[in-house]
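I opened the model to look up a few points of packing. My notes follow the order in which I checked them.

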Amino acid sequence: MHPPLGDVKWLAVRNNPVIASWVKPLMERAVAEAHDVMPVLTDELYADYLKTGARLPFETVYFERRRRLARAALATLMGEESMHALLQASFLSKFTAIMDETAWCLPAHAGMDPSGKNPIYIDLFAAETANMVAELFVVFKSILPIELQHRMKTRLRTQFFENYLNTKEPFRWETTSTNWNAVCHQGVLGAALTCEGDHSMVARLLALAAVRLPSFFEGFGNDGSTSEGPVYWGYGFGWFAELNAQLEHRTGGQLSLFEGDAKIARIAKFGSAMSLSEGHSVNFADGSRRFRHNAFLLTLLGERLADTNLQLEGTSIYRYQALHGIDLDLQRADFFNLSRLALRAPGGAVVAVAREPERPDVYFPDYGALVTRGTDASGHLWEFAAKGGHNDEHHNHNDCGSFLLNLDGIPYCIEIGAPEYIKGYFHDARYTCLAARSLGHSVPLVNGCEQSSGRAFAAKVVNASVGGDRVEFTIELTKCYPLAARCKKLLRTFVFEKSIGCLTVTDLGEFEEDGEMESILICPDSVLCRDGVAVVTHPKAALCITPLAGTKLVGVETCEYRGHHGTGEKIHRVRLAPSEAKSSKRFIAYVIRVRP
């Protein structure tokens, strides 16, 4: 699928103004790094995770090595002829360094080996590396030493193709319904479809995958939704779409994972439906608040499924990147992503007129979530999303009934999303983490009890009315709380009135005996308390959280946590409660409006 070194297509790509904003700095960095030694993955770094539970020390170096290889590769493909010798030597040294790694699997996924190394286990990033190596082999075969070609082919066959076919116990990802299934299959099968010449081996790989890969789609509702959210949709389903492109290319279209599957087309729309303006997304569970989809993925999906809206989404992201560039230090600034971003970029004339498309309201009944948008009389764009769901979802947070609210592309009521990934977060300490526990979400606190984790702790959507000027969403949250909450019934209702710019939130609880209840709101910026009203401040506009009759503002707390990239972060937790004396029925209601 990728043209080889020296192909005129790379010259055309280099001259495309749509990618000039990031290709030029990439070239400059590749030249500056040409004589540098790759950052070293020491034995101490490999062993660090099992000792400390921290992932970032190892992974920071691991992904930087792959980014540097990508920069060297793309600079070699698109660089000036006068620089070819320097850049080719740089690429070969960096490619050899990746091949010299004992294990491509992350220590966090390698099991209990104290070395942190497991050459045999195929995880997400071993699979990604396998596919990358195969693609680089095809593109750079003309300059790869024979000995290096032999090492590459042998490693792919033994550690990936034969390993996948012959392992006594299937890898746990082979039948899971999460992104692991699709990403790991893409890595193994994609590598084989790209460079394996033994057709019988490729056929055996495809036959086994035909049995195991379909489990991936059990993680999607019939409405196309997934509780993994838009970020992991882009990873899991995105890599599945790339695998399909590789399969259709290798077989001349005779085999396809897309053809004749109506559910695929519904799933393909999910990422766009969960996108918000100004590069934000609906980030329930372990999602990223600030996130734009891969332009090359939306372009691929739009063309393959003849979906104009997806093509518009992709083109609008290409336009944003043409104007602002991309962050070459992101984890995903690797060869897989950057090469596809370059090769699928549309022409400058198309991008010049591209605009971010208008997105309609959407409700996903299988997910129990809605996303709705509207512009008020003052011209403010409101974007509101809320969910029911259950507390055993993919990348689960105990967050049934939570919501987020953006105004003019700025988050005011937020989801924290993914915190720093450490060992304990994927084991017994997950719900001690602010990001995953109920106290880190805009949900009720009932008789001092947070929601519990598990499939049985589930919400029920009572009413979902979207598409008009008045949106109503009512969720029963009774079963989301443990028995200690002594809750007989708990209803949460959202009423969003678009044209007047008003969101009303109501919580109604009934208890076995006199009980207490609070409503929590999570906000990112400074929150001021004035005359019983909480004001979420921002230079562009301020939102007032105003208690209605029978409700009082208890106060605002500042809470600190570790962000996904290991940075210190904080949120503000607004607390509201009934103003009346304790009783067996409790009522909390508040409105959110722009401050005049």
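Entry 1: I am working with a predicted model.

**Entry 2: H4 and H6.** I began with helix H4, residues 56-78, and helix H6, residues 124-140. At what angle do H4 and H6 pack? I read about 15°, with the axes 12 Å apart. Angles under 35 degrees count as roughly parallel, so I noted H4 as roughly parallel to H6. The crossing of H4 past H6 is left-handed.

I then listed the residues that meet. From H4 I have Tyr62, Phe63, Arg66, Leu69, Ala73, Thr76 and Leu77. From H6 I have Phe125, Ala126, Thr129, Met132, Leu136, Val139 and Phe140. By class, this contact of H4 with H6 holds 11 nonpolar residues, two polar and one charged.

**Entry 3: H10 and H15.** Next I took helix H10, residues 229-250, and helix H15, residues 335-343. Their axes come within 13 Å and cross at roughly 65°. The range for roughly perpendicular is 65 to 115 degrees, so I put H10 and H15 down as roughly perpendicular to each other. H10 passes H15 in a crossing that is left-handed.

Which residues make the contact? H10 supplies Trp239, Glu242 and Gln246. H15 supplies Phe336, Asn337 and Arg340. I sorted the contact of H10 with H15 by class and found two nonpolar, two polar and two charged residues.

**Entry 4: nonpolar cores.** I turned to the cores. In soluble globular proteins, nonpolar side chains tend to be buried together. How many residues does the largest nonpolar core have here? I found 138. Phe91, Trp104 and Phe237 have the most contacts inside that core. A second core is separate and has 44 residues. Val446, Cys487, Ile545 and Leu576 are among them.

**Entry 5: glycine 467.** My last stop was a loop. Glycine 467 lies between strand E11, 460-465, and strand E12, 470-476. Is glycine 467 buried or exposed? Its relative accessibility is 59%. Exposed means over 50%, so I logged glycine 467 as exposed.

I also checked what glycine 467 touches. Leaving out residues up to four places away in sequence, I found Asp361 and Lys498. Threonine 372 is 95 residues from glycine 467 along the chain. The C-alpha atoms of glycine 467 and threonine 372 are separated by 7.6 Å.

Conventions. Residues numbered from 1 in each chain as written. Predicted model: local features only at pLDDT ≥ 70, side-chain atom pairs only at ≥ 80, totals over all residues. Heavy atoms only, no water. Axes fitted to C-alpha atoms, helices over the stretch in contact; angles between N-to-C directions. Helix = DSSP H or I, 4+ residues; strand = E, 2+ residues; numbered from the N terminus. Parallel < 35°, antiparallel > 145°, perpendicular 65-115°, else oblique. Left-handed = near helix turned anticlockwise from the far one by under 90°. Contact = heavy atoms within 4.5 Å. Nonpolar A, V, L, I, M, F, W, Y, C, P; charged D, E, K, R; others polar. Buried < 20%, exposed > 50% of the residue type's maximum accessible area, 1.4 Å probe, protein only. Core = buried A, V, L, I, M, F, W, Y, C linked by side-chain atoms within 4.5 Å.
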